[in-house]
Amino acid sequence: MTQLHAPKASRNQERGRLSFMRPVSDAAGRHLRPGGSSRRVIHTMIGSMVAACTFSNVSALNVKKSAAPRRAPRPRRPARLALSVALAAAAVLPALAPAAAVALPRDDKPAASATPGAPGKRNDAPPPGMSTVGGAPLGEAGTQVRLGAGAPVLPQQVTGRSWIVADAESGQVLAAHNAHWRLPPASTLKMLFADTVLPKFPRDQQHTVLAQDLAGLGAGSSMVGVKENLAYSVHDLWLGVFLRSGNDAVHVLSSMNGGVAKTVQDMQARADELQALDTRVVSPDGYDMPGQVSSAYDLTLFARSGLQNKDFREYCATATAKFPGAEGKDKKREMSEIQNTNRLLTGDVGLNPYKGIAGVKNGNTTNAGATFTGVAERGGKVLLVTVMNPESTESQAVYKEAARLLDWGFAASGKVTPVGELVPPKSATTGKGTATGGAQEVVKKRLDSAAAAQGESGGVGIALGVAGGALIVVAGAVFLINRRWPLRRR
């Protein structure tokens, strides 16, 4: 095991810009994703391979390459259909008491300063005895990576207190830094909220917002503009959650789910089921609350699980959409455009969209700083990356550092020995709720057939469900990817 402590680099060292991709509109006029037109939609939306970035050299004193590491066998891939189809379709078609401390910035704007109650100073060290879920190296402090022959060194300009790069299909962790450090998550916790609540309500269900639905919103919360006494579809509300990180939309959906307290309880139960044991949920929206923590490892688990759901995939990949506002004199609703605050998806001043990006969620609060989890695909390889609280003062640091880690992950794939894995849910390891008997045989045969015909998929779409899971129900059983993680269609 090599511990790599990457030295700081100049703020002027930045990765090369990627070319901006024009937005695509669906039939309703919504701009869904950066990309081109209809020809080879998946290539257009998630991009072909861009020129590999140049990684800074690290001296032999800082890192040693492992001698001839055993190369893990490449998992057999079934046909990649679910997420590819979802993204292609998107391209063409009791309340919480307000915090008494300090108003927090909107999630799409940088945090102004640290506040009392933040978990440690910027220059503090991760605590001893961190979790070892996913492998003992992931519980160690510092950078964990095992470089093989021909593997690029990690980029130096990564200052996040905690980060992780993982293969979304196999679950292999390619590299990590303080992966299990329990830190405030900000609005990346909304991934767990969506994974928990999104399957409960049909997207066309209407809900008229009451005053109590919006009670308990913290001062300075990010909002999408939900108004009481007006009706919204569940689809509208989820657009508000994913695109504008709207805490008002989260509270309305929580009210529909039985209230904030019940939703927090449901989210904690879901985190426990996913073996995200670093996470303690206090608010459903990620608003800074005493004791609310997660980790880069857990946030990556939430993303991987949420991406099993086609609606989750659609929402987190949507760049712009229309959101209903007030009623006019003619009783028609005004419609305003909202843009996703994920800057790797939409781009921003000094930051181009990342080619291959397909979600997932960003966050920014006073205590948490900037946080981000993203998923991207290149050349048939799908990676997940999470970065928490970069120390760098460069503009858009969390996105630039995530992009550098993604560039490294794509270049290093197959040239590193994994340092751990993203564990499956508890129900997958215990057999609870999984296929049994003859149905398992049907699943096995389908897997073998898919593996034999893997070339038919073209290998360009985002992996099925992005989490190494196909969302295909076969003879009442659950389709297994890598024969480890059973997933239900939801």
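**Aromatic pairs and a buried helix**

The protein chain exposes about 19,600 Å², and carbon and sulfur atoms supply 53% of it. The model is predicted.

Colleague: What does the protein chain hold in helices and strands?

Modeller: There are 12 helices and 18 strands. Of the 490 residues, 59% count as buried.

Colleague: How many aromatic pairs does the structure hold?

Modeller: The structure holds 6 aromatic pairs. In one of them, the rings of Trp 238 and Phe 242 have their centres 6.1 Å apart and their planes at 50 degrees, so the pair is tilted.

Colleague: Why is this pair called tilted?

Modeller: Start with the distance. Ring centres must lie within 6.5 Å to pair, and here they are 6.1 Å apart. Now the angle. Planes under 30 degrees apart count as stacked and over 60 as edge-to-face. The planes of Trp 238 and Phe 242 stand at 50 degrees, so the pair is tilted.

Colleague: Where do Trp 238 and Phe 242 lie?

Modeller: Both are in helix H4, residues 234-244. They are 4 residues apart, about one turn of the helix.

Colleague: What makes Trp 238 count as buried?

Modeller: The cut-off for buried is under 20% relative accessible area. Trp 238 has 1%, so Trp 238 is buried. Phe 242 has 3% relative accessibility, so Phe 242 counts as buried.

Colleague: Which kind of pair do Phe 372 and Tyr 399 form?

Modeller: That pair is edge-to-face. The centres are 5.3 Å apart, and the limit for pairing is within 6.5 Å. The angle between the planes is 65 degrees, and edge-to-face needs over 60.

Colleague: What does the pair of Phe 372 and Tyr 399 tie together?

Modeller: Phe 372 lies in strand S12 (residues 369-378) and Tyr 399 in helix H10 (residues 397-412), so the pair ties together parts that are 27 residues apart in sequence. Both Phe 372 and Tyr 399 are buried.

Colleague: Why is H4 called largely enclosed by the rest of the structure?

Modeller: Count its residues. In H4, 11 of the 11 residues are buried, so the helix is largely enclosed by the rest of the structure. Among them are His 235, Asp 236 and Arg 244. Just after H4, Ser 245 takes a positive phi of about 50 degrees.

Colleague: Which residues form one aromatic cluster?

Modeller: Phe 193, Trp 238, Phe 242, Phe 312 and Tyr 315.

Colleague: How do you know that Arg 333 lies over the face of Tyr 232?

Modeller: The distance limit is within 6 Å of the ring centre. Arg 333 is at 4.9 Å from the ring centre of Tyr 232. Direction counts too: the limit is within 35 degrees of the ring normal. Arg 333 lies over the face of Tyr 232.

Terms used:
Residues numbered from 1 in each chain as written. Predicted model: local features only at pLDDT ≥ 70, side-chain atom pairs only at ≥ 80, totals over all residues. Heavy atoms only, no water. Helix = DSSP H or I, 4+ residues; strand = E, 2+ residues; numbered from the N terminus. Buried < 20%, exposed > 50% of the residue type's maximum accessible area, 1.4 Å probe, protein only. Areas by Shrake-Rupley, 256 points an atom, 1.4 Å probe, with all protein chains shown as cover.
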